[in-house]
Amino acid sequence: MRKVLFSAVAVALLAGLWWGLKPASNAPTEPQTRHYRLAFIAGQYQGPEILTAYQGDTLQLDVLSDRDDAMHVHGYEKHLVLPAGATAVLRFTADTSGRFMLELHGTDLQFGALEVYPRQ
C-alpha cells in the first residue's frame with residue numbers, strides 16, 4: 001500500500017513540475033505574413049542576420065541590390081533574380097522547420113539564415 005501511495009505522489013509531483021516548468025510557446029496561433037527588407041549596397045549587406053518565422057507563415061522578402069545578382073534560400077530552393085537598382089520580391093510559405101542559409105550568388109556571400117520554428 002505504501003508503494004502505491006508513494007508512486008501516486010511521485011507521479012503527481014512530476015506532472016505538476018512538468019506543467020509548471022514547461023516552456024511557453026511564443027508562436028502565434030494563426031499563420032502570419034513576415035515581411036523583411038534586405039539590401040546589398042556597395043558589396044555590403046544591410047538587413048537582419050537572422051530571419052525568423054513559424055511553420056505556415058508567409059515570408060515576403062523585398063530585396064534591393066545595386067548590381068545584377070541572384071539570391072538563394074537554401075533548403076527551400078528559392079531563387080530570386082536581383083536586377084541592379086530595382087527591388088525584387090520573393091514570397092513563399094515557410095512549410096519546413098529548420099535553419100536555412102541565405103546566399104548571394106554573384107559573390108558566394110552567405111549573408112544570413114532563415115530560422116523556421118515548428119508551430120505548437
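Which residue in E4 is the bridge partner of Leu-38? The bridge partner of Leu-38 in E4 is Val-63, and this pairing belongs to a set of 8 bridges that join strand E1 (residues 33–41) to strand E4 (residues 58–65), the two running parallel. The model is a predicted one, in which local features need pLDDT of at least 70 and side-chain atom pairs count only at pLDDT 80 or more, whereas totals for chains, interfaces and linings use all residues. Residues are numbered from 1 along each chain as its sequence is written, and side-chain values use heavy atoms, with hydrogens and water left out.

The protein chain contains 1 helix and 9 strands, helices (H or I, at least four residues) and strands (E, at least two) being DSSP runs numbered from the N terminus. Along the sequence these elements follow the pattern α-β-β-β-β-β-β-β-β-β. Of the 120 residues in the protein chain, 33% are buried, where buried means under 20% relative accessible area, exposed over 50%, and partly exposed in between (1.4 Å probe, protein chains only). Among the contacts (heavy atoms within 4.5 Å) with a separation of 6 or more, 55% are accounted for by residues 24 or more positions apart. The protein chain exposes about 7,800 Å², of which carbon and sulfur atoms supply 58%; accessible areas come from the Shrake-Rupley method with a 1.4 Å probe, and for residues only the protein chains shown count as cover.

Strands E1 and E4 form part of an open sheet of 4 strands, in the order E2-E1-E4-E7 and with mixed pairing, two strands being taken to pair if DSSP finds at least two bridges between them. Strand E2 (44–46) and strand E7 (87–93) are the edge strands of this sheet, each pairing on one side only.

A further 5 strands form an open sheet in the order E3-E9-E8-E5-E6, again with mixed pairing. Strand E3 (50–54) and strand E6 (78–82) stand at its edges with a single partner strand each, so one side of each is left without a neighbour in the sheet. Strand E5 (residues 69–73) and E6 run antiparallel and are joined by 5 bridges, and His-72 stands opposite His-79 in E6.

In total, 4 salt bridges were counted, a salt bridge being a side-chain nitrogen of Lys or Arg within 4 Å of a carboxyl oxygen of Asp or Glu. The side chains of Asp-57 and Arg-34 meet in one of these (2.9 Å, N to O); Asp-57 lies in the loop between E3 and E4 and Arg-34 in strand E1, so the pair ties together parts that are 23 residues apart in sequence. Asp-57 is buried at 0% relative accessibility, and Arg-34 is likewise buried, at 18%. Asp-57 also meets Arg-119 in a salt bridge (2.5 Å, N to O), and because Arg-119 lies in the segment after strand E9 (109–117), this pair ties together parts that are 62 residues apart in sequence. Arg-119 counts as partly exposed, with 23% relative accessibility, and Arg-34, Asp-57 and Arg-119 are thus linked in a network of salt bridges.

A salt bridge is also formed by Glu-115 with Arg-99, the closest N and O atoms being 2.2 Å apart. Glu-115 lies in strand E9 and Arg-99 in strand E8 (residues 98–104), so the pair ties together parts that are 16 residues apart in sequence. Glu-115 is buried at 16% relative accessibility, whereas Arg-99 is exposed, with a relative accessible area of 52%.
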